[in-house]
Amino acid sequence: MDNLFNLQGKVAVITGASGGIGSVFSKELARRGVKIVLSGRNKKKLDKLVNEIEKTGGNAVAVAGDVTKEEDAKRILKVCLDSFGTVDILVNCAGVILRIPTEEFPVEKWEYVMDVNVKGTFLMCKIIGREMIKRKSGKIINIGSVRGGFGCRGGYSAYCPSKGAVHLLTKTLAVEWAKYGIFVNCIAPTFIKTELTAEVLNDRHFYQELIRDIPLGRIAMPEDLIGPLVFFASDASNFVTGQILYVDGGITAE
């Protein structure tokens, strides 16, 4: 059974690698012997993460890039192939959130959220997916959200639709690329304690309401997503594709 989850020697590209989820994912995969290309917009943060990974015996390289630009996506793949010769796993962690009442939401800011969350995921899947098609294998893991399937008050008219699009993109690519041996799945958490959620989680009233609605009685931590990540990245999920896995403490079960 242990071999089902063995990732030793695999090569992964992680976008949004220096973020709250991406950094935890990067360190965990490196710990499991995965060679990693860390991508994000902040080279300084990426270099620091590479340092941390290398100090614990891991193997990682950093490449700054904007996932909304196709040329940057191509460059990320090139760095991966130049460094490690192949790509086995893509984890799309890059994402943003803006909370603005719909009636006041500037179109350009709405488009920004959609560009990063949807276009960025699409472009990375497209560019990395083409390489995986050549190799007839690959694991793609997108990051969605509980709010990609359920509405939310509080100015989420860009974020919720963007994650809903990620969910449907996941299913579409899973169906389209199954014949190439490419598995595409999505992890959809509830609120996770990261920099992106710090502002709302600091609102005591909102936090108490949120905890009340989650059957397990707490919010998620980035570490809660490690199990689903390893499952989707490994041979343990070799008959699982097109799935949206809610990691939500039971909130969608009610």
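Me: How far apart are the end C-alpha atoms of helix α1?

Reply: With twelve residues (20-31) at 1.5 Å each, α1 should span 16 Å (1.5 Å times one less than the residue count; helices are DSSP runs of H or I, at least four residues, and strands of E, at least two, numbered from the N terminus). This is a predicted model, so local features need pLDDT of at least 70 and side-chain atom pairs 80 or more, while totals for chains, interfaces and linings use all residues. Numbering starts from 1 along each chain as its sequence is written, and side-chain values use heavy atoms, leaving out hydrogens and water.

Me: How many of the twelve residues of α1 are buried?

Reply: Buried means under 20% relative accessible area, exposed over 50%, partly exposed in between (1.4 Å probe, protein chains only). Ile21, Val24, Phe25 and Glu28 are among the buried ones. α1 is largely enclosed by the rest of the structure, because its buried count is nine.

Me: Are α4 and α5 roughly parallel or roughly antiparallel?

Reply: Helices α4 (107-135) and α5 (159-177) pack at about 15°, their axes 8 Å apart (axes are lines fitted to C-alpha atoms over the stretch in contact, angles run from 0 to 180 degrees between N-to-C directions, and contact means heavy atoms within 4.5 Å). Under 35 degrees counts as roughly parallel, over 145 as roughly antiparallel, 65 to 115 as roughly perpendicular and the rest as oblique. So this pair is roughly parallel.

Me: What does Asn42 count as?

Reply: Asn42 sits in the loop between β2 (35-40) and α2 (43-55). Its relative accessibility is 34%, so Asn42 counts as partly exposed.
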